[in-house]
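Here is a short briefing for a reader meeting this structure for the first time. Look over the sequence and the model, then read the points by topic.

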Amino acid sequence: MSATTILELPPCRGDSYLTDGSTLTSWLLTHDHKRIAILYCLTITGFFLIGGAAAALIRLNLLTPQGLLLDAETYNRTFTLHGVVMVWLFLVPSIPTTFGNFLLPLMLGAKDLAFPRINLLSWYLFTASGLIVLAGLITGSVDTGWTFYEPLSSGYSSGALVVVLFGIFVNGFSSILTGLNFVVSIHRLRAPGLTWYRLPIFCWSTYATSVILMLATPILAVTLLLVAAEHLWGVGVFDPTHGGDPLLFQHMFWFYSHPAVYIMILPGMGVVSEIIPTFARKKIFGYHFIAWSSVAIAVVGFVVWGHHMFVSGESIYAALVFSFLSFVVAVPSAIKVFNWLATLHKGSISFEAPMLYALGFILLFTIGGLTGLFLATLAFDEHATATYFVVAHFHYIMVGGMVSAYFAALHFWWPKVTGRLYPESWARFAAILIFFGFNLTFFPQFILGYLGMPRRYATYPPEFQVWNVFSSAGASILAAAYILPLLYLGWSLVRGERAPSNPWGATGLEWQTPSPPPTDNFARTPRVTRPPYDYPEPTV
Amino acid sequence: MSEHVLEKQFVDLAHQSETAELGIWGFIATEVLFLGGLFAAYGFFRYLHPVGVAAAASHTDLAIGTVNTIVLLTSSFFMSWSSLAARDGESRPAGVLMLITAALGIVFLGLKAIEYAEDIHEHLWPGPGFSLSTPDPKSGEVFYFLYWLLTGIHALHLLVGIGAILVIANRARRGVFTRAYHSPVRVVSLYWHFVDVVWIFLFVLIYLPGRAP
């Protein structure tokens, strides 16, 4: 066990952050990054349930070709709500604002983030934005889909659209401030001896994510501002009936939204890079490659937005270049997958719940990534654009990848965050059920898309029904599987066994503090003397 | 009079102030991208309709625009002076200089408000009531759309800047800033100069087209 300590630390005394003040104001006005992480966790869980309910409604409706219970307009509003809520109120903030907030200072050996008050402000902005967005979506008839494509959004939508856009604009402030806080903290708050190459991979991927949050979100903000302004003034920037250019909207929107795809996957890659070495009992393979591939994804991710517009009327030369660059961006992702596999190779692997989620991530992310290459191929994309093939592809990345990673993180760091252990067999069961339910939901959609079923319709020709029934059946399993962790994790808060400080025998700095950590994290600033993932060399 | 100025996550005050400066530079980077989108929209549009933009721009109030540019540049001078005073530990004089800066900011906003009132009186507010006596009123309308948007956002930034200055001026009055601790002044000052620089670009792009001899 002594090999797992990478620093010398005095035993830390004092209250845990959870018991340091129990009034409501001690939570709502806290500057502690760990408490703010909990606030975020509660908020995004609420939004996840709302977005999930909308998804359930969509799948229920698609059980029959005529649409089971929603008329076309309500259906459009439902998938708009699902998309907007899941993207901006769950996926973008998910891992960064919860585990990023909780872990980053612990991993850096710091007492807090660089700007604790701004961190709290971010949460308030985020929560306010969520409420504004939901108010707009529920009371108004916003049916544009989460992309707000022009001229649909300016020409045919109600005034509630402006409310939703304003909400997302406010949400952007929260994203930007969180990203800024993380970037500055990683630059400035590393403990003595904690060089860049001694940082856990989670920090590298959080860094790359934060840079995208800082540099892409302003473009979304200005795009939405222009949509709202032209809506209010009736002047044409994007709206062709007033002389605007709808393609310009698509360029500006995807210039944010494609990098945002990487906001929604890089943190998951960081989580998996922490879990794989822990449960393989091995140093991570190719540390430098994994670290820099995050940065490479962030950089190349800024120049592939055109692949969303292959059939929108961009020039064939632009399409060729964007197609090529989209293949290029797959390289760093593949590097990560190969390095995880190489880490597993000859490791002494155990299959605790976090590891099951992480392995699920690798499989599902790989399927999502490879079908992304199909879509980056111009000829195939012409066929599959706006079909369920695309829907299945990005759900493999977003849900199979990111949501799996979020659950992996939840189970991996749960003992650290709450100081309690959850029932392991239930957790393994839920992990397997999620994997099974997910595949049953989304694999049929690849086939549907390949057969030509278009997305965003409330009805479909009867010959597609079999696959749709499979998909909806999978969705009900998935829904049950997502409820399970809520139950047994909730149970563990009350009845769970007390967690030791390092239940997995992991090497990270965060495991050197008690579970749950004290408010100030470390009694004395730690001094780091060894590289991360310093597991003993396997003896053959 | 000493306040608890060192936050627990920093080693010392130097560490804290360097971090704060990195933070504001990062924030300015995001602002550049945000405004960059609008400037790009302006550039794209002016490239498409050079004559329409020039005709519309000649209806702006050059006198107020010029005076405001001078006012804002002068305010930046006082802000810099205040920043130097704070660096030398002269907290209260620095506070007075901040108040002058904020006052000049308010003068700018007052003049801008007069100009806005004139614009509305001349029907330059985009929408059904818009009218402009140029050969190409349609692109004139888009020009004024961008004019209101850009100057409005700038005014909003200035308002935030004035608020921030008043907050630190109050701290300066209580003698908080010393040779060792004055990073808030640096941070607010950088933000103020940034808003000032944005105006210089706006002045050139909004008031000067179509006015070359």
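In chain B, 79% of the contacts with a separation of 6 or more join residues 24 or more positions apart. Two residues are in contact if their C-beta atoms, placed from the backbone, lie within 7 Å. This is a predicted model: local features need pLDDT of at least 70, side-chain atom pairs count only at pLDDT 80 or more, and totals for chains, interfaces and linings use all residues. Residues are numbered from 1 along each chain as its sequence is written, while chains are lettered from A and ligands numbered from 1 in the order in which they are written.

**Chain B**

- Chain B has 6 helices and 0 strands. Helices (H or I, at least four residues) and strands (E, at least two) are DSSP runs, numbered from the N terminus.
- The C-alpha trace of chain B spans about 65 × 35 × 30 Å along its principal axes.
- Of the 213 residues in chain B, 38% are buried. Buried means that 20 or more other C-beta atoms lie within 10 Å of the residue's own; exposed means 12 or fewer, and partly exposed is in between.

**Where the chains meet**

- Chain A gives 29 residues to the contact and chain B gives 22 residues.
- Helix 8 of chain A gives the most to the side of chain A that touches chain B, with 10 residues.
- That side of chain A divides into 20 nonpolar, 5 polar and 4 charged residues. Ala, Val, Leu, Ile, Met, Phe, Trp, Tyr, Cys and Pro count as nonpolar, Asp, Glu, Lys and Arg as charged, and the others, Gly among them, as polar.

**The largest nonpolar core**

- This core has 212 residues, and A:Val272, A:Ala408, A:Ala409 and B:Leu146 touch the most other members. A nonpolar core is a set of buried Ala, Val, Leu, Ile, Met, Phe, Trp, Tyr and Cys residues joined through C-beta atoms within 7 Å.
- Helix 8 of chain A supplies the largest share of this core, 22 residues.
- Not counting residues up to four places away in sequence, B:Leu146 touches B:Ala41, B:Tyr42 and B:Phe45.

**An exposed residue**

- A:Glu73 lies in helix 3 (residues 72–91) of chain A.
- A:Glu73 counts as exposed because it has 11 C-beta neighbours inside 10 Å.
- The C-alpha atoms of A:Glu73 and A:Thr241 are separated by 23 Å, and the two residues are 168 residues apart along the chain.
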